[in-house]
Amino acid sequence: MLERTVLFLSMASDSNSSIESVLQEQRVFPPSSDISKRGQIGSLETYQRMFNDAKKDPEKFWREAALKELSWFEPFKKVLDWSNPPFARWFDGGKTNLSFNCLDRHLDSDKADKYALIWEGEPGDVRRFTYRELYHEVCRTANALKALGVGKGDLVALYMPMIPEAAIAMLACARIGAPHSVVFGGFSSEALRDRLVDGEAKAVITADGGYRKDKAVPLKPAVDAALADNSCPSVQSVLVVQRTKEKIHMEDGRDSWWHELVPTQKRECQAEPMDSEARLFVLYTSGSTGKPKGVVHTTAGYNLWAHLTFQWIFDIREDDVYWCTADVGWITGHSYIVYGPLSNGATTVMYEGAPRPSKPGAFWELIQKHGITIFYTAPTAIRAFMKSGRSVPDKYDMTSLRLLGTVGEPINPEAWIWYREVIGGGRCPIVDTWWQTETGGVMISPLPGATPTKPGSATLPLPGIEADVVDEKGHSVAPDEGGYLVIRRPWPGMMRTVHGNKQRFRESYWEYLRPEDGSLIYFAGDGARRDVDGYFWVMGRVDDVINVSGHRLGTMEIESALVSHNAVSEAAVVGRQDDLKGEGIVAFVTLESGREVTESLLKELREHVGEEIGPIARPDEIRCSDALPKTRSGKIMRRILRALASGEEISGDTSTLEDRSVLEKLRS
């Protein structure tokens, strides 16, 4: 039987403390001796030595890493230029190419005929590419882009399903020095248009459509709508992959079919030597209000950080088959489906589909079929699997798995334990990773051969990352006190700016907190605490903190308390205005199969939260639904829940919402 999560409420006297509700977890899982023996970083002592070396002499640490791990056309002259903070320049004077580091350098080794990419479509079609085959496909695509007039510095937008051509197009853009902007295929034509206009895209690569939950989902019509009436005058060409074979409009003089243009190109294309600080991609982060921010990442620093973090965190071995379930439209897909794995010469898996009523075991079938050894997914997906119980995963042989990972948001301890026991068979360590679009790669994570893990904790910062938990004045807070999660020193994978808006970059990330000493520290919106062992517990966005009668409660803790009840499968907690208390607590929950909504159960859940955390944390209202509003990438859209809880109209872009019927159910 799973132990219950132990939670307590710390009522700090400082009313400015950002997070006063603290999650305490007593269980510790040390690395197995087998993983430690074979691990690249095989002990806590080795990790600590690397961490201390990076802190003592960061310039030496990063120089040695960059020279060892990347291939350079011209050596860099300076490791870090931090003369104009917060605008960093890494490995200045050097020239390299990310596509070269992902492909060319593997061709003179035994990796040339190793599978680089294994792809499976939702209907069951499978395609495999060796490193040599992928290299030729990328070169042909790069030459096709040149034939369309795309050159060095031109922005190319990708609006695609999860098909191999998405990864191929990214690598082709990097190859010729054309920065890409991948727009998630679930966004509306209006959201796409905004990103095309802001980025001044010269070309768009898309598909007629893709498959999702047993249906063909059109994509090209949204591109046509975005480009209608010359609303994106910078766009000169559109390259279209034929996937679903649905009938679509092709604009004469603008649109080209991939299957007609790309295969006719030469299969060799020299990688363009790119300055270390050349723009590699722009990835837009969408918010509930305001213009989306175009996060800019550059070539060498991003390449190094994606490469190192993939190598360290997933303890990658030559025979691994690695699968990250994200979409390439998000940073996770950039760093941990495409660039990080391929730069390391690993075998990476892409899947077009998702678990669905016709195939609830889709993920587990893929693991069994392809012998996947490393599985990286989101906590929301894990909680959805928990709801249907273990009967589905138990039908599949998943003994190939040796390592599990989570990404996207904090994972509650109950889901962590279920993941470990049911999916990992009690033998697989879990790397619970904290990072963001802006950081380029993982910042805080266990290392499977070195770090004892605690369910729900991202554990320790990676070597080279100086993380801290601070108050509003930038002072480090005491152990187990809540505060703001910040990074005190620059790192290679950091975003360089907000596209077209340097002032927004400074204000959004570097001036939110104002340390008394006048220093700049990076803060991107998450609250956290650090326990007595130095482990970080990420409590979610600071705007997901509810102020109840002067007590600031982290929503994650209340959600964890609800999920720890055996009737609850998943929970999301939001605040709403309350004339008496300032804010009230509203919980949206989905129940385990077979449980019915009754007044007595709702009362029991409220009391359970009170017992687990404290009376102040009892929800004022609990609403039950078969599902919660989520994006296609699995993230709960909490702003929608806030609007529903407050009785307000739902505003902002809802184009990424996977199932719109959920809204009507929740309204009622």
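Predicted model: local features only at pLDDT ≥ 70, side-chain atom pairs only at ≥ 80, totals over all residues.
**Entry 1: Glu607 and Arg618.** Glutamate 607 sits in helix α17 (residues 599-612), and arginine 618 is in the loop between α17 and β32 (621-624), eleven residues apart. I noted glutamate 607 as partly exposed, at 29% relative accessible area. Arginine 618 is partly exposed as well, at 29%.

**Entry 2: Asp224 and Arg254.** I then checked aspartate 224, which forms a salt bridge with arginine 254, with the closest N and O atoms 3.0 Å apart. Aspartate 224 belongs to helix α8 and arginine 254 to the loop between β13 (237-241) and β14 (255-257), so the pair ties together parts 30 residues apart in sequence. Aspartate 224 is buried at 18% relative accessible area, and arginine 254 is buried at 16%.

**Entry 3: Arg63 and Glu59.** I found a salt bridge between the side chains of arginine 63 and glutamate 59, 3.0 Å from N to O. Both are in helix α3 (residues 58-69), four residues apart, so about one helical turn separates them. An α-helix has 3.6 residues a turn, so residues three or four places apart point the same way. Arginine 63 is partly exposed at 32%, and glutamate 59 is partly exposed at 39%.

**Entry 4: The count.** I recorded 43 salt bridges in the structure. Arg383, Glu409, Glu559, Glu570, Lys630 and Arg638 are linked in a network of them.

**Entry 5: Helix α7.** I listed buried residues in α7 (residues 189-199), among them Leu192, Arg195 and Leu196. Their cover includes β8 (156-159), β10 (203-207), α8 (220-227) and β16 (279-285). After α7 comes glutamate 200, with a positive phi near 55 degrees.

Methods:
Residues numbered from 1 in each chain as written. Heavy atoms only, no water. Buried < 20%, exposed > 50% of the residue type's maximum accessible area, 1.4 Å probe, protein only. Helix = DSSP H or I, 4+ residues; strand = E, 2+ residues; numbered from the N terminus. Contact = heavy atoms within 4.5 Å. Salt bridge = Lys/Arg side-chain N within 4 Å of Asp/Glu carboxyl O.
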